[in-house]
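Hi,

Here's the structure I promised to pass on.

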Amino acid sequence: MALRELSSLEKFLGLKKPNKYSTQGDKKVPVLQNNNGPPLVGLVTIACHLVKEAKRPELLGDSAESRAVVQQWLEHRVTKLDGCTKEDIKTILKDLNLYLQDKVYLAGNQFTLADTFMYYGIHPLIVDLAIQEKEQYMNVTRWFDHIQHYPGIRHHLPPVAVLRNRIYTGRHH
Amino acid sequence: MKLFVSEGNPHCLKVLAALGVTGVQCDVQYVNHEERVVPFLSRPTLPALLLPSGLHLFSSNAICRYLFEVSGKDSSERCNQWLEWEATDLQPALLQALHMAVLQGKGSEVSKVLQGPLNYLDQSLSKGNTPYLTGEAVSVADVVLWAALYPILSDSSLALGECKSVKTWFDRGAAVMCSFQAAAQKVLQGKGLQGMKSYMQRQPAPQSSQCRDTQSCNSNPAEGEEGERVVSEEEMEAAAVTFSKGLNACPLATNRQHPILPQEGKRNLLVTSALPYVNNVPHLGNIIGCVLSADVFSRYGRLRGWNMLFVCGTDEYGTATENKAREEGLTPQQICDKYHAIHSSIYKWFQIDFDFFGRTTTEKQTEIAQNIFWRLHKHDFLVEDTVEQLRCESCQRFLADRFVEGTCPHCSYPEARGDQCDKCGRLINAVELREPQCKVCRQTPVIRSSKHLFLDLPKLEAQLEQWLDKSTSTGDWTANAKQITRSWLRDGLKPRCITRDLKWGTPVPHPDFKEKVFYVWFDAPIGYLSITANYTDKWEKWWKNPHQVELYNFMAKDNVPFHSVVFPCSLLGAQDNYTLVNHLVATEYLNYEDTKFSKSRGVGVFGDMAKDTGIPSDVWRFYLLYVRPEGQDSAFSWADMATKNNSELLNNLGNFINRAGMFVTKFFEGCVPAIELQQEDKKLLALVGWELQQYIQLMDKVKIRDALKHILNISRHGNQYIQVNEPWKKIKGGDTERQRAGTVTGLSVNIACLLSVMLFPYMPTVSQTIRDQLNAPQSCINAMLQGTGTFVCALSAGHRVGTVSPLFQKLEVDQIEALKKKFGGQQKTAQTAASTQPAAVPAPLAEVAMVNGVDPEKAKQLTLAVTEQGEKVRALKAQKAEKAVITAEVTKLLDLKKQLALAEGKSPEPAPQKGKKK
């Protein structure tokens, strides 16, 4: 899963030659062999590395504050979203919904790596929501729809229908 | 910019360390754990940094990184990697380790969960060959990891393996981050790991999945609740065979017949709970520590078919009573009568099922105490000595130990009592106290000498040790009881004075000591004997019969030495074949919302107030037993009580039992359907059977809290079973499907019946209600707890159940908040506020009460009426009666409630108002 995300990110960043990754441990933590040093370990670490390599530093935030916010949501993704229990899901969605109330993207008005990876991480949760629940977390749904239509982001994931006029939940088509 | 932190929260150490190292200017504010600083997070999350833009950072690592960045130090890729590792790998292990060390008292086992991450860190450090994680200088990675590991690595008591490089790195960091030490002291309140206790108690218990590579985590049955147990074919078959036996083979329960006396060929257990001191209203900690724990065990023992006698009573002699009498203008006897009745009624409300609840101010007490005294005298275990005693000249009397306060000569604790220091637990002679003060008038007492008698403990020491060796190795002594006893013996025993210059006590019969009475520590435990003697003339069959009788003493840990050392010495010295304690069960302390219970400050819930909360006695019992301070101190918390009620009782236990019963009512016309066991059902039988066995093993060892978890596990299995099998769908299907629905329902309702039995010691009323609803035969009570536990089919096909209705009610947030406020310590001020409010009309208090129509007698009647009407409404709802009928009865109920509120002097509107608002 993490590897597919990284390869989607590479495509989005327009990196010419794809990297080779391996994984370690039970949790299949991604590892990137690095020519000029020890290997890089961890989804967030590798993703940030790729962004720097592609010379797109703005994706990590354009000020100290927004850089901190981006890192915070990336951490949130790997510590809270990954491996969350059923009971956690409601809290996660509720909190995120409140947070996004007055924001277009996670770091405010600018698209960042945090949006990409929160989107990847939250996708399985959104797929399972019924239409009514999606309406309950309106801001999350709006943001989610926005990100999945952001050019070059979706790649390995199926689109999720968020509009009411579809009869079925996203999983079935 | 403002940083919010809280005491005891280990994550706050990281940000404070980063603040210290970077020197960034920032306000730091200490707030409560429960404070929700970050507006968009529903759970309180600390630390939090309020950024200049008004945005909040809520991740400690992001905050640290930010502090480093604004001070001009960007973090490298290597740093990022360490921070990610810290968040995803180290933190879950640390959380687990802290949970074990701080809450479970298993500091010795933390290395099991931490060894993996620590080894990884150690290898990286030794491979990197640089002083710090990412090079020659301190980086954000060092600060974060260092502070994260600080609580564990700075505690020398935790056995961690050899990690040399980690140690060198940690010590190097300590030198650099000296400014941090002060912050750490503050966050941990100088208490090391224990400083995090209240924080840890509020965190969800770590999932055991996080320690899947450390098998040992699941080795303890009481904690392996998350893991699915593997059930063998044999277990399944055996469980199915047991189940099919039914109730036929089981003996009928016999009613208790007083007086209960030891019987040949039976296990005869004599259970005592520490005698509560008469003029204190017991608080929840007192209740869980002795009477409630002893009650659960006695109820359980009776189910097991043991021959049990459970006695207790009020401890009534002593200066405190004399003083109280003086205060209230009554005689000491009148004070005792008054408070004995209060105690009785509190325990009655808590459903403490004593065989006899007596008191120490009786003829029998004098008779037995004097007899023991003469026997000790005869065998030369009493010595005479003059004692220097404190006398308060302004109060004109010798001061009893509890009426002197001063500085402890051992540990310098300033509020040590005259007999014992609450801080270090050592016994003190009142004259040894530094800066003694009379507690009544605050004058400095003078030392006077007077002749007294001493029990020669050193002479009895060898005999005592011999007996202790045997008792502690064969009986079930809690770890704290053994440890406290050991430390007493290690310090060496000294003669102890058994007489006092007082009036309110058992008179010393010796002519040379005519004006004196027995010291309460000598006298009070004899109360167990005299109370039994007031219960039956044949009391000696219990108390002078060590070969037939096993004695269980229940108490809180402060009472241990008197039951394990001093009282046994009195009995051993008396040489009259007394029954000595076989099993000493001591609890730790129960705190109240992280502080102590305090009558004077109005903090905490006291026995007489529990019933005013409107929360049923059974729910109180359940929660107190759920947090029973077994093995470590624990805390009563309102929020936690609501959570446990709503999640465990309502959603887990109550939900399962109610569903099982409702399926029988709705789908099978109230008759238990036929059960055709399939493999899956047999597996469930085996799982339930295993939980039952664990419950019995733990209860036999008086692990009351641990056993409770297994009851809840059973209903969890049950809920899962129903959820997977969906009888509500299958009932609409073909014959096979309908039969399947029948089996699932039949099995579930039988599990509900088993649960009612297992619950009986904990929640007697609910237990009976379940059996009433299921119309279960009473014989099932004794049947299930035979031997190692037998889950038999008690409700066979065709059995008709009664009316099924919900067992528990939700505890709402506002209700709990109101209670929390009410008992939070502002009680006194709240009361004054309430009584001053109607002062616009200047009337004496009594009159105000009349104006408001307060009428306690009427309120009592109305309370009954409300309960009855409430039950009627619930019954109608359960029977799915016509809406109009229900509405009419509900209106009646609301009207009764209104009248009740008026009679109690409350505003009659609160409940209906809430509904209207929404």
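Salt bridges to begin with: I'm counting a side-chain nitrogen of Lys or Arg within 4 Å of a carboxyl oxygen of Asp or Glu. On that basis there are 40 salt bridges over all chains.

Before the details, some housekeeping: this is a predicted model, so local features need pLDDT of at least 70 and side-chain atom pairs count only at pLDDT 80 or more, while totals for chains, interfaces and linings use all residues. Residues are numbered from 1 along each chain as its sequence is written, chains are lettered from A and ligands numbered from 1 in the order in which they are written, and side-chain values use heavy atoms, with hydrogens and water left out.

The salt bridge I'd look at is R740(B) with D681(B), at 2.8 Å from N to O. R740(B) lies in helix α26 (residues 735-759) of chain B and D681(B) in helix α23 (residues 679-700) of chain B, so the pair ties together parts that are 59 residues apart in sequence. (Helices are DSSP runs of H or I, at least four residues, numbered from the N terminus.) R740(B) is buried at 9% relative accessible area, and D681(B) is buried too, at 0%. Buried here means under 20% relative accessible area, exposed over 50% and partly exposed in between, with a 1.4 Å probe and protein chains only.

E540(B) is partly exposed at 38%, and its salt bridge to K544(B) has the closest N and O atoms 3.0 Å apart. D706(B) and R705(B) also form one, at 3.9 Å, and both residues are buried. There's a network as well, linking R256(B), R302(B), D353(B) and D355(B).

On to the rings. Phe, Tyr and Trp (its six-membered ring) pair if their centres lie within 6.5 Å; planes under 30 degrees apart are stacked, over 60 edge-to-face, and the rest tilted. The structure holds 46 such pairs over all chains. One of them is F297(B) with Y300(B), tilted, with 6.5 Å between centres and 35° between planes. Both sit in helix α10 (residues 284-303) of chain B, three residues apart, about one turn of the helix. F297(B) also makes a tilted pair with W306(B), at 6.2 Å and 50°.

Lastly, charges over rings, meaning NZ of Lys or CZ of Arg within 6 Å of the ring centre and within 35 degrees of the ring normal: R500(B) lies over Y519(B) at 4.2 Å from the ring centre, and K451(B) over F513(B) at 5.5 Å.

Cheers

Note on methods: Helices (H or I, at least four residues) and strands (E, at least two) are DSSP runs, numbered from the N terminus.
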